[in-house]
Amino acid sequence: MIRAIGPHPAAAVLAERADALAKGRKRAGPAATGYRRARAPEWIVRALAMLAGIVVFIALWEIVARQGGRIPGPGVVWKAAVTIFSDPFYSKGPNDQGIGWNVLSSLKRVGIGFGMAAAMGIPLGFMIGRFKFLSDMAAPIIAMLKPVSPLAWLPIGLLLFKAANPAAIYVIFVCSLWPMIVNTAVGVRQIPQDYLNVAHVLNLSEWKVFTTILFPAVLPYMITGVRLSIGVAWLVIVAAEMLTGGVGIGFWVWDEWNNLKVEHIIIAIFTIGIVGLLLEQALVLLARRFSYN
Amino acid sequence: MDSERYLRIENVGMTFETRKGDFVALERIDLAVRKGEFVSLIGHSGCGKSTLLNLVAGLLLPTAGGLLLAEREIAGPGPDRGVVFQNHSLLPWLTCFDNVYLAVERVFPDEKNILRERTHNALAMVGLTHAEAKYPNEISGGMKQRVGIARALAIEPKMLLLDEPFGALDALTRANLQDELLKIVDKTGATVLMVTHDVDEAVLLSDRIVMMTNGPAARIGGVLEVDLPRPRERLALAGDRRYIELRTTVMDFLYRKQLKQAA
């Protein structure tokens, strides 16, 4: 069975449970006992804790930087960042473009690769979830291919497409495909029998069953799949671009390594982190919009 | 058409294949329900009363015997029977209105212009006009069950099938909905088959109570005519001698003749 393989289905459930817990905690709040102690509101405490974490992080970084070696300190990196982000969209030929262009071209690859994975993975997931035979057919293949690092597919991509850019997109496609298939299939299998009974007693047509019952019921699972896929894709694109070159944040990291501009590499790390965070948050919001509990 | 035998359950048996071998849930069930009659199936849990209801609904097919509704064999589920499930089974992504509309639209596809009106009427009948635009998770359990009833009634089924419809509700809400159902049934003259384990509910609502023996291989242990005049009124009946007699008969069957060993 597909259910048993890899971290995805379990991770999906866990992530949802964590979300629900966090929501519940927020609602229960400190006033749950009926007593109110004069205490700073929860969000201020949280904000302070986050701020403290960042301060500690920067202090440690500064200490490490002062030990000599080649790691630039926060001050140096900040100055370099101000310069870089003051003109993010310049373009001096294919090998020298602003960081904005690099991020955008990476996002574009992720978007195209993921889009194709969704277009193929979602229907496949529906079929695998609906028909036991297909599920058993696909299970060993998916179980075997899912743990493979997406980068291992890169040479195949280069061979097939004879160009770097489509090969990178192809790698994103491969790594996004599994979470989409698996989560959609799990979602289809988790549809409560009650809903299907409604469809049965009304004798709804297959199309009506799909649009009014299957699709809305599976949507939250699909969004979890999207979240996992995009997360993995954003991890993988950096590595893929390091190998393929061209324009992109991963290539930029490699390029700056060759120029020995370590502060730029650190800027790239933060940029990748923040973009990944924003992607994740956007999808969490989307998931909340479509959850019905 | 034989309205004395509107629903005919003839020599029905139901055997499930399980990993441990065959499990006989029902054996030789014979029952006829009149048009406009309200029949309750009562018995201990596991006696197969829900299985029998699912057979009438067509969600299960019998392994022996046959079922006929209005002279036609029941070969599968269909909108000529309105089913109210215990856990309301509303689709959470549709409003109350749309949940009912889904059923109406399926059953009366040629009457496009009055679909919405039908839906409104069904919801008005259960007193939920004000909650039409709400989603199921925004209303109480009792209201959800009302929407379930509205959905089942809106398609004007030949028969209404209720599977422990008030089982998940608190006592006050349950009493409230029973009264409401009583009124609706009096008004529409619906033919109803209801599964319950609540003795008062069965006596208050039914024309006949079918008492089932314990499974496996459950059978009909006895049929009780409830000869209380209609319209019935809960408070007036509470001290009524006949009501108490009927109630005692069912209790006697359930707790003396069919006492279930503590599981």
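In chain A, α9(A) packs with helix α11 (residues 262-289) at an angle of about 175°, the two axes lying 9 Å apart. The structure described here is a predicted model. Two packed helices are described by the angle between their axes and the distance between the axes. Because angles over 145 degrees count as roughly antiparallel, α9(A) and α11(A) are roughly antiparallel to each other. On the side of α9(A), the contact is made by A:Pro220, A:Ile223, A:Thr224, A:Val226, A:Arg227, A:Ile230, A:Gly231, A:Trp234 and A:Val238, while α11(A) contributes A:Ile272, A:Gly276, A:Leu279, A:Glu280, A:Leu283, A:Leu286 and A:Ala287. By residue class, the contact of α9(A) with α11(A) divides into 11 nonpolar, 3 polar and 2 charged residues.

Helix α9 of chain A, which spans residues 206-244, also takes part in the packing of helix α8 of chain A. Helix α8(A) covers residues 193-202, and its buried residues are A:Val198, A:Ala199, A:Val201 and A:Leu202. These buried residues pack against α9 of chain A and, in chain B, against α1 (49-57), β6 and α2 (96-107). After α8(A) comes A:Asn203, whose phi is positive, near 55°.

The contact between the two chains takes 17 residues from chain B and 13 residues from chain A. On the side of chain B that touches chain A, β6 and α2 each supply at least two residues, and the largest share, 3 residues, comes from α2(B). That side of chain B is made up of 11 nonpolar, 4 polar and 2 charged residues.

Chain B contains an open sheet of 6 strands, arranged in the order β6-β7-β8-β3-β9-β10, with mixed pairing. Its edge strands, each of which pairs on one side only, are β6 (81-84) and β10 (220-225), and the twist averages 15° from one strand to the next. Within this sheet, strand β3 (residues 38-42) runs parallel to strand β9 (residues 208-212), the two being joined by 4 bridges; B:Ser40, for example, has B:Ile209 in β9(B) as its bridge partner. Helix α8 of chain B (residues 241-257) packs on the sheet and touches β3, β9 and β10, its direction making about 175° with that of β10(B).

A further open sheet in chain B has 4 strands in the order β2-β1-β4-β5, and here the pairing is antiparallel. The edge strands are β2 (21-33) and β5 (72-73), each pairing on one side only. Strand β4 (residues 64-69) is joined to β5(B) by 2 bridges, the two strands running antiparallel, and the bridge partner of B:Leu68 in β5(B) is B:Glu73.

The largest nonpolar core holds 136 residues, among which A:Val171, A:Ile172, B:Val56, B:Val100, B:Ala150, B:Leu193 and B:Val250 touch the most other members. Helix α7 of chain A (residues 164-189) provides the largest share of this core, namely 17 residues. For B:Leu193, when neighbours within four places in sequence are left aside, the residues in contact are B:Val33, B:Val39, B:Leu41, B:Leu53, B:Val56, B:Met159 and B:Leu161.

Key:
Residues are numbered from 1 along each chain as its sequence is written. Chains are lettered from A and ligands numbered from 1 in the order in which they are written. This is a predicted model: local features need pLDDT of at least 70, side-chain atom pairs count only at pLDDT 80 or more; totals for chains, interfaces and linings use all residues. Two strands pair if DSSP finds at least two bridges between them. Axes are lines fitted to C-alpha atoms, for helices over the stretch in contact, and angles run from 0 to 180 degrees between N-to-C directions. Two residues are in contact if their C-beta atoms, placed from the backbone, lie within 7 Å. A residue is buried if 20 or more other C-beta atoms lie within 10 Å of its own, exposed if 12 or fewer, and partly exposed in between; C-beta atoms are placed from the backbone. Ala, Val, Leu, Ile, Met, Phe, Trp, Tyr, Cys and Pro count as nonpolar, Asp, Glu, Lys and Arg as charged, and the others, Gly among them, as polar. Angles under 35 degrees count as roughly parallel, over 145 as roughly antiparallel, 65 to 115 as roughly perpendicular and the rest as oblique. A nonpolar core is a set of buried Ala, Val, Leu, Ile, Met, Phe, Trp, Tyr and Cys residues joined through C-beta atoms within 7 Å.
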